[in-house]
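User: I would like to learn how to read aromatic contacts in a model. Please take me through them step by step.

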Amino acid sequence: QVQLVESGGGLVQAGGSLRLSCAASGRIFSMHTIGWFRQAPGKERAFLAAINWGGGSSYYADSAKGRFTISRDNANNTVYLQMNNLKPEDTAVYFCAAKMRRWGSYDYWGQGTQVTVSS
């Protein structure tokens with residue numbers, strides 16, 4: 001089992017920045033990939049970015065390229081999502097999730113953290 005806890009959400013004005021954290025515990029040594037997702041009201045959950053826990057390679061959805069950066073701190077078992085130049089349409093609940101294998105769906109999810117961007 002892996003436990004994930006997100007933090008760092010809040011209220012920010014348009015153009016501002018936030019850094020979200022995803023703290024992992026449990027079978028960390030077995031994790032393959034950590035991803036960030038978001039879900040806006042009335043919309044489906046959408047993928048943003050992911051990072052390989054061991055090698056550090058990362059990839060992004062088109063919606064996240066250029067403004068969002070994913071990174072990891074293996075020593076502190078934490079993955080970050082740096083979000084810059086935030087827009088009101090970025091308002092959503094942000095989730096991190098862990099995959100235990102390269103392929104397939106995500107196995108574990110955090111509870112989410114709310115991000116609200118005011119205009």
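User: Are Phe-37 and Tyr-106 buried or exposed?

Analyst: This is a predicted model. Burial is read from relative accessible area, and under 20% counts as buried. Phe-37 and Tyr-106 are both buried. For Phe-37 the relative accessibility is 9%, so Phe-37 falls in that class.

User: How many aromatic pairs does a search of the whole structure find?

Analyst: The search finds five. One of them joins Phe-37 and Phe-47, with 5.6 Å centre to centre and 70° between the planes. Planes over 60 degrees apart count as edge-to-face, and this pair is edge-to-face. Phe-37 belongs to strand 4 (residues 33–39) and Phe-47 to strand 5 (residues 46–52), so the contact ties together parts ten residues apart in sequence. Phe-47 is partly exposed, at a relative accessible area of 26%.

User: What is the geometry of the aromatic pair that Phe-37 and Tyr-106 form?

Analyst: That pair is also edge-to-face, with 5.0 Å between centres and 85° between planes. Tyr-106 lies in the loop between strand 9 (92–99) and strand 10 (108–109), while Phe-37 is in strand 4, so this pair ties together parts 69 residues apart in sequence.

User: Which residues form one aromatic cluster?

Analyst: Phe-37, Phe-47, Tyr-59, Tyr-106 and Trp-109 make up one cluster.

User: Where does the charged end of Arg-19 sit?

Analyst: For such a contact, look at both the distance to the ring centre and the angle to the ring normal. The charged end of Arg-19 is over the ring of Tyr-80, 4.0 Å from its centre. Arg-45 lies over the face of Phe-95, 4.1 Å from the ring centre.

Notes. Residues are numbered from 1 along each chain as its sequence is written. This is a predicted model: local features need pLDDT of at least 70, side-chain atom pairs count only at pLDDT 80 or more; totals for chains, interfaces and linings use all residues. Side-chain values use heavy atoms; hydrogens and water are left out. Rings of Phe, Tyr and Trp (its six-membered ring) pair if their centres lie within 6.5 Å; planes under 30 degrees apart count as stacked, over 60 as edge-to-face and the rest as tilted. Helices (H or I, at least four residues) and strands (E, at least two) are DSSP runs, numbered from the N terminus. Buried means under 20% relative accessible area, exposed over 50%, partly exposed in between (1.4 Å probe, protein chains only). A charge sits over a ring if NZ of Lys or CZ of Arg is within 6 Å of the ring centre and within 35 degrees of the ring normal.
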